[in-house]
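Hi,

Here is the model I promised to pass on. Have a look at it first, and then read my notes below.

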Amino acid sequence: MLQINNLHVKLEEEDKQILKGVDLTVEAGKVHAIMGPNGSGKSTLSYVLSGREGYEVTDGSVSLEGEDVLELEPEERAALGIFLAFQYPIEIPGVGNMTFLRTALNAQRKAKGQEEMSAADFLKLIREKAKDLKIDADMLKRPVNVGFSGGEKKRNEILQMAVLEPKMCILDETDSGLDVDAMKLVADGVNALRSEGRGFLVITHYQRLLDHIVPDVVHIMADGRIVKTGGPELALEVEKNGYGDILAEVA
Amino acid sequence: MPAVAKQKLAELKRDATEDRLAAMSLPEGAGWAAEARGAALARVREMGLPHPRDEYWKFTRPETLTRAEAPKAALFDGGEPHLFHERDRLHLVFRDGVLDMTASDALTLDGIEIERLSDAMAKDIHWARDVYGVLETNGQNPVQRPLAALNTAYASDGVVIRVTGKPAKPVCLTYLHESEDSDAILHHVVRVEEGAEMTLLETGPAAARFNKVMEVDVADNATFHHVRAQGRDHERRAVTGTFARLGSESTFKSFTMTVNGVLTRNECVIELTGDDAVAHVAGACVGDGDDFHHDDTVFVTHDAVNCESRQVFKKVLRNGATGVFQGKILVKEGAQKTDGYQISQSLLLDDDSQFLAKPELEIYADDVACSHGSTSGAIDETALFYLRSRGVPTAQATDLLVLAFLAEALEEIEDESIAEEMVERLSGWLERRAA
């Protein structure tokens, strides 16, 4: 599904190399987790995959189902099936959450040559998806993420994911700022979306999210590279001993 | 300014004014109307037409509004019906500034008396006498508005509306622009009697050059709602003056949407004369291109206790467009417990567009809460990326953020269904422009 080869990325403004040769393949139906200490380049990877400005790819390639991703605009990547659940979801005053979701869904359908969804069908769809995530009518009516609590913002990200049904879901520190109950709700939302045709890349600093979203593969990232890859047990090792031992071992 | 220069300017203005007046003729009439027109003409001569050196014309060049001949304006067909066409309303149609009686509804509606200006002027005794030119004259001090006086003198058509009850539907004035060189001067007079209320809708560009004055006298406990859209013709020019006087516990709310139009100057002069009155004036403007110029000039005077006023103006400017806001809140001595608010903001979609703002507060009472703010900003890049990352193309995402920016002004429209109609039409216009 997602193929990342030898990806080198630097910050445009600071001329600072952040990713120094990332190799990663996420297969359809699998959940990959990326763990790593602060500053290892995890979030940069997620931004580069989604097409955020400010990063320069100096080497390497990224493809989704064989299609070159790096040449595409963010909206084209979205239509191709890439979805980034933001670590800090953006507030957009004046744009209603429903309007936002419907505009996004129909824009993607249009890009794929499908017909736009009618207002009635959309309402039905959104009600159903929102119910599972315990998102009430008020949250749907309010401007995007404005006045939402940390947990509400993250649930709103998962709602978008559920509505847009992307092929490749990237979750950037989705557990940050969540209490246990909220984390469980979010994890249930993600797990409900796990399917054969969909890949997940779950970026997290802590192991606790992976108790709820159990990964197939765990990667450890340090200093802009994947330094170790293993099964779910690798996450438990990090939880127990911290990153120090692993980093020392691969150094 | 040195005395010699001052005299020179006065001469220049006098000559320019006489040139314009020589090209016009006063509509015929006698009695109170002739008196009002004559007095207005004298005021125009006394003040002289606006000049770029005048304090309140520094940001907006008045030449095309003052010169004898109206610049031509190409006709525009948006391929859609005018706003409010599906609404239950009393509909009046003006073609290039002339009321078309056959295309309009009969002038009858429970709760209001509505007449053509010329009919009202033909009567020896008429209530409009106490308003026509009177509120405009009050509004000339301390800032002169000579184009409004010119209007009072020469207005060739208009309606006078007396509201005595609560009419079941709004009055809607549709202004068609059908001739490339039309030069229309309309003057409306509204008196909302004690406890009465009405909604007035206006839509359309009206003419190649349009000078409109509306005087609104809102009595105690009365309510006046006003919503207008100034059409989409790119080349039309308009100068409008709204003069309102508010009695105690009365409400006045006015909202204007301006899209396109090469030159617009909307003046609004409000005087709160009775205690506990509320006045809101708001505008949303979308301008595109370096020949687009839009100016809101507002003056709110608090001359009573415990009144509230709000000025909310938002402008979206792109491709070298210019927006101007000159807004003032004057709180007179004794106007305690005044709550005055003023915000003017622009969203500049590129470096070539500009927004010029002159917010003013002048306060002579010590127990008041007045605030004003003015900002200029670019589109929020983070929000734009967020939308794009969800698959919304840049142009469409920009439109969404533009509408979001204008929302605070559109929220000033009291009637939700009218607000919705405005938003819908506006988003359609934005979408088609992008296509």
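This is a predicted model: local features need pLDDT of at least 70, side-chain atom pairs count only at pLDDT 80 or more; totals for chains, interfaces and linings use all residues.

**Domains**

For chain A, an unreviewed UniProt entry gives "domain: ABC transporter" at residues 2-248. That stretch of chain A is 40% helix and 29% strand, and its end C-alpha atoms lie 29 Å apart. For chain B, an unreviewed UniProt entry has "domain: SUF system FeS cluster assembly SufBD core" over residues 179-405. There the make-up is 9% helix and 59% strand, with 35 Å between the end C-alpha atoms.

**Cores**

The largest nonpolar core holds 120 residues, and the ones with the most contacts inside it are A:Leu2, A:Leu201, B:Phe255 and B:Met422. Helix α8 of chain B (residues 394-410) gives the most to this core, 10 residues in total. There is also a second, separate core of 50 residues, which includes B:Leu109, B:Ile112, B:Ala207 and B:Val281.

Leaving out residues up to four places away in sequence, B:Met422 touches B:Leu83, B:Phe84, B:Val227, B:Arg228, B:Ala229, B:Phe255, B:Met257, B:Leu410 and B:Ile413.

B:Phe255 turns up again in the contacts of B:His226, along with B:Leu200, B:Glu202, B:Met214, B:Lys253 and B:Ser254, once neighbours within four places in sequence are set aside. B:His226 sits in strand β10 of chain B (residues 223-229). Is this histidine buried or exposed? With a relative accessible area of 1%, B:His226 is buried.

**Helix pairs**

In chain A, the axes of α4 (residues 119-132) and α6 (residues 150-164) come within 10 Å and cross at roughly 130°, so α4(A) is oblique to α6(A). Their crossing is right-handed. On the α4(A) side you will find A:Phe122, A:Leu125, A:Ile126, A:Lys129 and A:Ala130, which meet A:Leu159, A:Ala162 and A:Val163 of α6(A).

In chain B, α7 (residues 381-389) packs with α8(B) at an angle of about 130°, and the axes are 9 Å apart. These helices are therefore oblique to each other, and the crossing of α7(B) and α8(B) is right-handed. Here B:Ala383, B:Leu384, B:Leu387 and B:Arg388 from α7(B) meet B:Thr394, B:Ala397, B:Thr398, B:Leu400 and B:Leu401 from α8(B).

**Single residues**

- A:Asp15 has a positive phi of about 55° although it is not a glycine. You will find A:Asp15 in the loop between β1 (2-11) and β2 (16-26) of chain A, and it is exposed at 54% relative accessible area.
- B:Asn306 is another residue other than glycine with a positive phi, near 60°. B:Asn306 lies in the loop between β15 (293-302) and β16 (308-318) of chain B, and at 41% relative accessibility it counts as partly exposed.
- The peptide bond from B:Asn141 to B:Pro142 is cis, with omega near 10°. B:Pro142 belongs to the loop between α5 (134-138) and α6 (146-154) of chain B.
- A:Lys240, in helix α9 of chain A (residues 232-241), is exposed, with a relative accessible area of 72%. A:Lys240 and A:Arg102 are 138 residues apart along the chain, and their C-alpha atoms are separated by 44 Å.

Cheers

Conventions
Residues are numbered from 1 along each chain as its sequence is written. Chains are lettered from A and ligands numbered from 1 in the order in which they are written. Side-chain values use heavy atoms; hydrogens and water are left out. A nonpolar core is a set of buried Ala, Val, Leu, Ile, Met, Phe, Trp, Tyr and Cys residues joined through side-chain atoms within 4.5 Å. Buried means under 20% relative accessible area, exposed over 50%, partly exposed in between (1.4 Å probe, protein chains only). Helices (H or I, at least four residues) and strands (E, at least two) are DSSP runs, numbered from the N terminus. Contact means heavy atoms within 4.5 Å. UniProt positions are given in the numbering used here, feature names are shortened, and annotations may be inferred rather than shown by experiment. Axes are lines fitted to C-alpha atoms, for helices over the stretch in contact, and angles run from 0 to 180 degrees between N-to-C directions. Angles under 35 degrees count as roughly parallel, over 145 as roughly antiparallel, 65 to 115 as roughly perpendicular and the rest as oblique. A crossing is left-handed if the near helix is turned anticlockwise from the far one by less than a right angle, and right-handed if clockwise.
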